[in-house]
Amino acid sequence: SFLQGSKLEIPLWLAKGLHDSKRRIISMELPKIYREAWRTVFSADANVVDLHKMGPYYYSFGSQLLNFENPENPEIAQTILQTFISRFRRIMDSSQNAYNEDTSALVARLDELERALFRAGQKGLNDFQCWEKGQASQITASSLVQNYGKRKFTDMDG
Amino acid sequence: AASCRSRSEAKSGRTDLIFLIRFRHCCLLRNQRCVVAYLYDRLLRIRALRWEYGSVLPSAIHFHMSAEEVEWFNRYKKSLATYMRSVGGEEGLDLTQDIKPPKSLYIEVRCLKDYGEFEIDDGTTVLLKKNSQHFLPRWKCEQLIRQGVLEHVLS
């Protein structure tokens, strides 16, 4: 059983489930990256921050944190939004210009949301190049089949 | 004083109970959510198989599907077939064909594995042996290419 006043680390889904503004079962301590000190860093220059190391789910986790009553919520929300705005342009540009090259350096410091956006940009670029080369009409094998071909399965006839 | 103490004890006992019930309920909901997410992801892949691979699933995949998933696939197939018959006039419209815009009626294909005899529309048959190349009607080859038997060769 838990003593009143004990402090522990629990997963977000559990904290959300236990949270109740009327009953006050738990109170939450903000992770340091969303606190004032770090928020100042973000507002100075969001582009230099390694969001993969800090996150890697900086945006979605931060948005979830807003579910808990915290007087700093408006500032947290503002910082998350501004961080995204200032980093987005660079991500979009690099995803549209890196063709057929090693992009690991470009995505190393991105959080997962930004990586998904980067991948979307890359897919658009690759699809366009494919079309330019006249390969858009080429019928390809189902990717699901290609994966199964590589792995061994016990054969089951009939 | 005695009654006060027992009342606050009862109250704190109730709070403990609320906490435990809530905790357990959270965990149950979490487990349920994880399971449902997993099953849903599988369903999306199974659905994609109908479009990418065809209406008959490879035995290796079929082996790993639950009875409910097989049933779902069959019902989805039927639903899709009914819909395709209802559009495009008399013969219906096979929406699973020509997913990439076709450029010509005939295409060059290379055989990736031994398949055997393959009959084309005018009655003639072709022997699909590994590494052999053929010039065949696009609509006949499409499914075999998607299944990994043939490879579409661009000139």
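This is a predicted model: local features need pLDDT of at least 70, side-chain atom pairs count only at pLDDT 80 or more; totals for chains, interfaces and linings use all residues.
The domain assignment divides chain B into domain 1, spanning 1-86, and domain 2, spanning 106-152. Taken over C-alpha atoms, the centres of these two domains of chain B are 42 Å apart.

Charged pairs come next. Side chains of opposite charge can pair when their charged atoms come close. Over all chains, the structure holds 13 salt bridges. In chain A, Arg87(A) and Glu114(A) form one of them, with an N to O distance of 2.7 Å. This pair links distant parts of the chain, since Arg87(A) belongs to helix α5 and Glu114(A) to helix α7, 27 residues apart. Both partners lie under the 20% limit for burial: Arg87(A) is buried at 4% relative accessibility, and Glu114(A) is buried at 0%. Elsewhere in chain A, a network of salt bridges links Lys7(A), Glu29(A) and Arg35(A).

Within it, Arg42(B) and Glu69(B) form a salt bridge whose closest N and O atoms are 2.7 Å apart. Here helix α1 (residues 2-52) supplies Arg42(B) and helix α3 (residues 67-86) supplies Glu69(B), the two residues being 27 apart in the chain. Arg42(B) is partly exposed at 23% relative accessibility, whereas Glu69(B) is buried at 7%. Another salt bridge joins Glu151(B) to Arg110(B) at 2.8 Å, N to O. Glu151(B) sits in strand β5 and Arg110(B) in strand β1 (residues 106-111), so this pair ties together parts of chain B that are 41 residues apart in sequence. Glu151(B) is partly exposed at 32%, and Arg110(B) is partly exposed at 27%.

Strand β5 of chain B (residues 150-153) also holds His152(B), which is buried with a relative accessible area of 6%. A polar atom of the His152(B) side chain lies 2.9 Å from the backbone nitrogen of Ile139(A).

Turning to the cysteines, a search of the whole structure finds 0 disulfides over all chains. For Cys130(A), the nearest cysteine sulfur is that of Cys141(B), 19 Å away; Cys130(A) itself is partly exposed at 24%. For Cys111(B), the nearest cysteine sulfur is again that of Cys141(B), at 10 Å, and Cys111(B) is buried at 1%.

Finally, Phe88(A), Met92(A), Leu113(A) and Leu117(A) make a nonpolar surface patch of about 300 Å². Helices α5 (73-97) and α7 (112-132) of chain A each give two or more residues to this patch. Phe88(A) lies in helix α5 and is partly exposed, with a relative accessible area of 31%.

Methods. Residues are numbered from 1 along each chain as its sequence is written. Chains are lettered from A and ligands numbered from 1 in the order in which they are written. Side-chain values use heavy atoms; hydrogens and water are left out. Domain bounds come from an automatic or database domain assignment. A disulfide is a pair of cysteine sulfur atoms within 2.5 Å. Buried means under 20% relative accessible area, exposed over 50%, partly exposed in between (1.4 Å probe, protein chains only). Patches are made of residues with over 30% relative accessible area and no salt bridge: like charges are joined within 9 Å, nonpolar side chains (Val, Leu, Ile, Met, Phe, Trp, Tyr) within 5 Å. Accessible areas come from the Shrake-Rupley method with a 1.4 Å probe; for residues, only the protein chains shown count as cover. A salt bridge is a side-chain nitrogen of Lys or Arg within 4 Å of a carboxyl oxygen of Asp or Glu. Helices (H or I, at least four residues) and strands (E, at least two) are DSSP runs, numbered from the N terminus. A polar contact is a pair of N or O atoms within 3.5 Å; within protein, one must be able to donate a hydrogen and the other to accept it, and residues adjacent in sequence count only if both atoms are side-chain atoms.
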